[in-house]
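Open the model in your viewer and keep the selection panel at hand. This tour goes through pockets and then helix packing.

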Amino acid sequence: MSTEIAGGRPTGPFKSSMRHRNLDTMHPTRTSPTGPSPYTRHIATFLPLAKLAAWISAVLLLPGIAVGAEPPSEAPAPRALRIALHQGLESADPHASWSYATESVFSSVYDRLVELDDDGIARPGLAEDWQLLNPFHYRFQLRKDVRFHDGTPLTSADVVASLERLQARNSSPLRSRLASVDGIRAVDPWTVDLTLSAKDPLMLKKLAFVAVVPRDAPTTIEHPVGTGPYRWVKQEGTRIHLERVEETHHPKPLEPTVEIWTAVPENERVELLLSGEIDLSEMRSGAIEALEKDPRLWIYSKITPAVFYLGFNFDGLFAHSGLRKAVDLAIDRRAIVDEIFAHYARPAANLAGPGSAGHDATLTPTRRDLERARALVRDAFEGRPARIRLAGGRADFQRAIADQLTEAGFEVEVRTEKWVDLQKTLRSSAYDLYLIGWGNNIKDLCDVCEHLVHTPDQSSGLGGTNYGGSSDGLTDQWISECMTTYEPKRRQELMGLLSSRIAEQSLVVPVAWQMTLYAGLRKLHFEPRVDGKIVPAKVFRE
């Protein structure tokens, strides 16, 4: 998932002094006793029926008590739970795009065959059970108590139609999740078979990113209809309104309504939190110092395997391997972490952050070597100005990178855009270098490489977020083997080979392993996730 994930304060090897909520201290819900109250029982016991009726009549005739009077007006309903995101929603179609915003918004609107828990383990979703009949054949048994928000029962036909719908969307970055799926069949209304063209040890985890939509969903979904605990009500500009589903197979969320405010700049998110207009927001490290001083707020953080990296346009100047290496040598990762993340991140040695398969704590990031970097730039440009364009979605981070590259002899033009516009820029090749983040939700280096550095393949969707078009035959070969190998030792060997090859060829330049960081009101109950997304159904106020 390409996204710009907010940095956060580390624990363990990272330093931490933040306030964290203890969710074990939640108050139990109080319920009223059943049957008549003790006072009612007392009256019924000691007053004969006739006298009781006369007494009630007398009370009703007292001054100020009018028979049939309107009951006192009820207190106004509490406002909706409000969550703010930095990214905008690219599309209301869950198969059209893949980002931090789409994952957060749709997490409680749609369901999937399987869901990933916070440890990255596949758990039952719409499929209550499954079997691997052989290495190329999965069988899924569906729940029988699921209905879409329009009341239509879910059947295997909806699952088949959803998977086939995604397979047909050539432009979707999610399409590669089904690259190994060769056949999809409804065995009966509650059973679905998947056959694979190749072994895929991550198949179950990949299915956790494919939303199930109604079988008759339009070509482009504009009003989502899912099976999640919240239904989509409307979108007003950049604000999405959700409403709790009262009859659902899910545990009932505690918040009746949710508003998700998207594409909110960081300075506005800070002001909205301080004013109490929103309840929760993901944040960047630069804003935390001011928020930590407010006793009404809590700061939440989570170590994640996410990475910020620099990618290259291989159709331009950076087809030259020496220039790519110059960028790698020019970056002072420690200075970036200190300046931009305020110690809420770590210098990255490869694309697999902490907690991910392929993360190697013994690896050390490339050390800055300005002398070598300058020599490589001089050799490549032969005295001509070394002008390059740096695209991204975070101005402060881009400016820090640009300053370091300038020291190495580059002349850097910085172009900062919102994520929706940045994606268009990346696909247009109107840049030389780009700075973005990758969430690594599956927590597997082979999966990261399949998306970021595999040669783009329109037929399979592999390399779907390899925006710069890097291509290396040996890298592709190792990715293919890693993605079809179940044997853990061999997979680990292949991940080591991939890390070394990416570094040698400077296919991309890892910069920082980051954390997710959030701020919310103290009355909030919220647990950060490793994948960084905010799940509205699991957030509630006291």
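Select the lining of the largest pocket and colour it by residue class: 19 residues are nonpolar, eight polar and 16 charged. The model is a predicted one. The space in this pocket comes to about 960 Å³. Its lining holds 43 residues, and those closest to the centre are Glu115, Leu116, Arg529, Val535 and Lys538.

Strand S2 covers 114-116 and strand S3 covers 122-124. Each of them gives at least two residues to the lining of the largest pocket.

Go on to the second largest pocket. About 590 Å³ of space lies here. Which residues are closest to its centre? Select Ser171, Ser172, Pro173, Arg427 and Gly464, out of 25 lining residues. Colour this lining by class too: seven residues are nonpolar, 12 polar and six charged.

Next stop: helix packing. A helix pair is described by the angle between the two axes and the distance between them.

Select helix H14, residues 473-482, together with H15. Their axes lie 10 Å apart, at an angle of about 155 degrees. H14 and H15 are therefore roughly antiparallel to each other, as the angle is over 145 degrees. The crossing of H14 past H15 is left-handed.

Show the side chains at this contact. From H14, take Leu474, Thr475, Trp478, Ile479, Glu481 and Cys482. They meet Arg490, Arg491, Leu494, Met495, Leu497, Leu498 and Arg501 of H15. By class, this contact of H14 with H15 has eight nonpolar residues, one polar and four charged.

H13 passes H15 in a left-handed crossing.

Select the residues that make this contact. H13 brings Leu445, Cys446 and Cys449. H15 brings Arg491, Met495, Leu498, Ser499 and Ile502. Six residues of the contact between H13 and H15 are nonpolar, one is polar and one is charged.

Notes: Residues numbered from 1 in each chain as written. Predicted model: local features only at pLDDT ≥ 70, side-chain atom pairs only at ≥ 80, totals over all residues. Heavy atoms only, no water. Left-handed = near helix turned anticlockwise from the far one by under 90°. Helix = DSSP H or I, 4+ residues; strand = E, 2+ residues; numbered from the N terminus. Contact = heavy atoms within 4.5 Å. Nonpolar A, V, L, I, M, F, W, Y, C, P; charged D, E, K, R; others polar. 1 Å grid on protein atoms, 1.4 Å probe; cavity = no way out; pocket = protein on both sides within 12 Å on 5 of 7 lines; lining within 4 Å. Points joined across faces, edges and corners; volume = space filled by probe spheres on them. Axes fitted to C-alpha atoms, helices over the stretch in contact; angles between N-to-C directions. Parallel < 35°, antiparallel > 145°, perpendicular 65-115°, else oblique.
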